[in-house]
Amino acid sequence: MLSQLFGLNLLRLMVAVIIFLHGGYRLLNGGIEPFGQYLSQQGFPLGLIWAAAVTGLELIGPLFLLINRYVSMFCLLFILLYSTGVALLHAKVGWFVVGPGRNGAEFSVLLITVLLVLMVQHWPARR
């Protein structure tokens, strides 16, 4: 039981760090505007606002994961976000992120799976 708790907490903390760094890099390196342009090209109205909202979610959501609050809700939001990324971009360019491919879906699928595990583990129990 203790090892399971340690494993789930470590997983939750590392996912929070990875997601935070993903959004933080975009924010600090001028990536919001190109991301917004990409979203507009894909048919999203107000692509820049969507890109800023996604970046904000990736900066704020991990803080809730770190403090172990609203974990299921934020995991669900991230699952929806990264599933959209797979549908819009990653699945179209293949499976592999590096090596035999580039920008593929493999990392996103792994991240979605981890988020699903965390969401289920933190789901509020019915009383």
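Trainee: Are phenylalanine 78 and tyrosine 82 buried or exposed?

Mentor: Both Phe78 and Tyr82 are buried, and buried means under 20% relative accessible area, with exposed over 50% and partly exposed in between (1.4 Å probe, protein chains only). Keep in mind that this is a predicted model, where local features need pLDDT of at least 70, side-chain atom pairs count only at pLDDT 80 or more, and totals for chains, interfaces and linings use all residues. Residues are numbered from 1 along each chain as its sequence is written, and side-chain values use heavy atoms, leaving out hydrogens and water.

Trainee: Okay, how many residues apart are phenylalanine 78 and tyrosine 82 in helix α4?

Mentor: They are 4 residues apart in α4 (residues 71-93), so about one helical turn separates them. Helices here are DSSP runs (H or I, at least four residues; strands are E, at least two), numbered from the N terminus.

Trainee: And what does tyrosine 82 touch, leaving aside its neighbours within four places in sequence?

Mentor: Tyr82 is in contact with Ile19, Glu58, Leu111, Ile112 and Leu115. Contact means heavy atoms within 4.5 Å.

Trainee: Switching to rings: how many aromatic pairs are there in the whole structure?

Mentor: The search finds 4 aromatic pairs. Rings of Phe, Tyr and Trp (its six-membered ring) pair if their centres lie within 6.5 Å; planes under 30 degrees apart are stacked, over 60 edge-to-face, and the rest tilted. Take Phe64 and Tyr70: their ring centres are 5.9 Å apart and the planes are at 65°, so that pair is edge-to-face.

Trainee: How exposed is tyrosine 70?

Mentor: Tyr70 has a relative accessible area of 55%, so it counts as exposed. Phe64 is at 27%, which means partly exposed. As for Phe78 and Tyr82, their ring centres are 6.0 Å apart with planes at 10°, so they are stacked.

Trainee: Which residues do ring pairs link into a cluster?

Mentor: Phe64, Tyr70 and Phe74.

Trainee: New topic. Which residues have the most contacts inside the largest nonpolar core?

Mentor: Those are Val15, Leu65, Cys75, Phe78, Tyr82 and Leu115, in a core of 21 residues. A nonpolar core is a set of buried Ala, Val, Leu, Ile, Met, Phe, Trp, Tyr and Cys residues joined through side-chain atoms within 4.5 Å. Two or more residues come from each of α1, α3, α4 and α5, and α4 gives the most, with 8.

Trainee: What about α1, which of its residues are buried?

Mentor: Arg12, Val15, Ala16, Ile19, Gly23, Gly24 and Arg26. The buried residues of α1 pack against α2 (32-41), α3 (47-66), α4 and α5 (106-122). After α1 comes Gly30, with a positive phi near 65°.

Trainee: One more: where is serine 108?

Mentor: Ser108 sits in helix α5. Its relative accessible area is 10%, so Ser108 is buried. Leaving aside neighbours within four places in sequence, Ser108 is in contact with Val86 and His90.

Trainee: And glutamine 42, where is that found?

Mentor: Gln42 is in the loop between α2 and α3. At 32% relative accessible area, Gln42 is partly exposed. Not counting residues up to four places away in sequence, Gln42 touches Leu88 and Lys92.
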